[in-house]
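Here is a short report on strands and how they pair. Keep the sequence and the structure in view while reading.

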Amino acid sequence: MKKIICLLSIAFIMLQSCSSEVSSNATNPQAAKIYFEAYNSNIGTNGIKWSEIYSVNVDGTNQQQITNYSQNGTIQIISEDVYLSNNSKIYFISNRDNAYGEVFKMNTDGSSLIRITDNSGHYFSNPMLYSNESKIIMDKESVDGVNGKYGEIYSMQEDGSNLVKLTNYPSEGSCYEAVINPNNSKIVYSCKINNIEPQLYTMAIDGSNKQILTTNNTFTKRNPKYSHTGTKIVFQARVASIVNKHSEIFIMNSDGSSIVQLTNYSNGGTLNTATNDPIFSNDDTQIYYVSNESGVSQIYKMNIDGSNKTILTTTPEDKSKPYIK
């Protein structure tokens, strides 16, 4: 019996080691928190663009504001694109130090702020850790004199060193929103090539072997996220030809097959309702997302088949980019 217990203990330790990049909250989704950015148009000076980082329990209770760089909206500060590391550090983008979006990290209570990048003339967004949290993948937005803003995907070391370009504009399009699969072998991202509506693509972790996943050019596809098993991708899409600013949530297999629409708040695009920023729960049984169907962008959840849609937040801030851990 002692030998069996010993073997089981060793197996458990190995399992923990192999799962070092998966949240410990995956087995207890109720222990997780949602981190997000939010903006309240009723606070601060009219016309000032600002946003701050917040957290809330996964059931929508106990909302907390973590940053206040804009001093409640009186200064034009934007803090956005939240990612939480396994050692409980929040990585995010902010222009608190200059006119551009820099990558920062801090504790979950807002303390011990560290600026990672020293950017000039560009705007970083969507940071995500990978490779045992030793590297960061992100987007970098630039401007050319002909086509305006465009995005490229970069990687760098966690300390901001060794910046490497993974996509090339304009030959490989304007690319954003890169996300790495759980085993760190593949990147999914959104890219607009040759003025065709943005589609989802994949590439290897070093930027090689780029392949298109979705081919229906009627829909603009954005914000892909892998499930924790790596077998599914959830994303937002809208019909590009419809004037109303609306979008819906879709799910598909990670190879691009079996696309299923999960929401229809915009009634097929006839209503000006945006449903954005989907992300899987830690146990992959639910999808959290943002919708403005109530007039304010709130965080919702639903089952992965689109059933049992439930609103989680009701405070007056417009919320976006939820991240769960």
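## Strand β5 and its partners

In β6, Asn107 is the bridge partner of Lys89. This model is predicted. The pair belongs to an antiparallel pairing: β5 and strand β6 (residues 102-107) are joined by 6 bridges.

Strand β5 also pairs with strand β4 (residues 79-84), again antiparallel, through 4 bridges. Here Tyr83 stands opposite Tyr91 in β5. The hairpin of β4 and β5 has 4 residues between the strands, and Ser88 takes a positive phi near 60° in this hairpin.

Is β5 mostly covered or mostly open? Strand β5 spans residues 89-94 and is mostly covered, with 5 of its 6 residues buried.

## The sheet with β1 and β24

An open sheet of 4 strands runs in the order β3-β2-β1-β24, with antiparallel pairing. Its edges are β3 (64-65) and β24 (318-324). Each has a single partner strand, so one side of each lacks a neighbour in the sheet.

Strand β1 (residues 33-39) and strand β2 (residues 52-57) are antiparallel, joined by 6 bridges. Within this pairing, Glu37 stands opposite Ile53 in β2.

## The sheet from β20 to β23

Which strands make up this open sheet? There are 4, in the order β20-β21-β22-β23, and the pairing is antiparallel. The edge strands are β20 (275-280) and β23 (310-311), each pairing on one side only.

Strand β20 meets strand β21 (residues 286-291) over 4 antiparallel bridges. Phe280 has Ile287 in β21 as its bridge partner.

Conventions:
Residues are numbered from 1 along each chain as its sequence is written. This is a predicted model: local features need pLDDT of at least 70, side-chain atom pairs count only at pLDDT 80 or more; totals for chains, interfaces and linings use all residues. Side-chain values use heavy atoms; hydrogens and water are left out. Two strands pair if DSSP finds at least two bridges between them. Helices (H or I, at least four residues) and strands (E, at least two) are DSSP runs, numbered from the N terminus. Buried means under 20% relative accessible area, exposed over 50%, partly exposed in between (1.4 Å probe, protein chains only).
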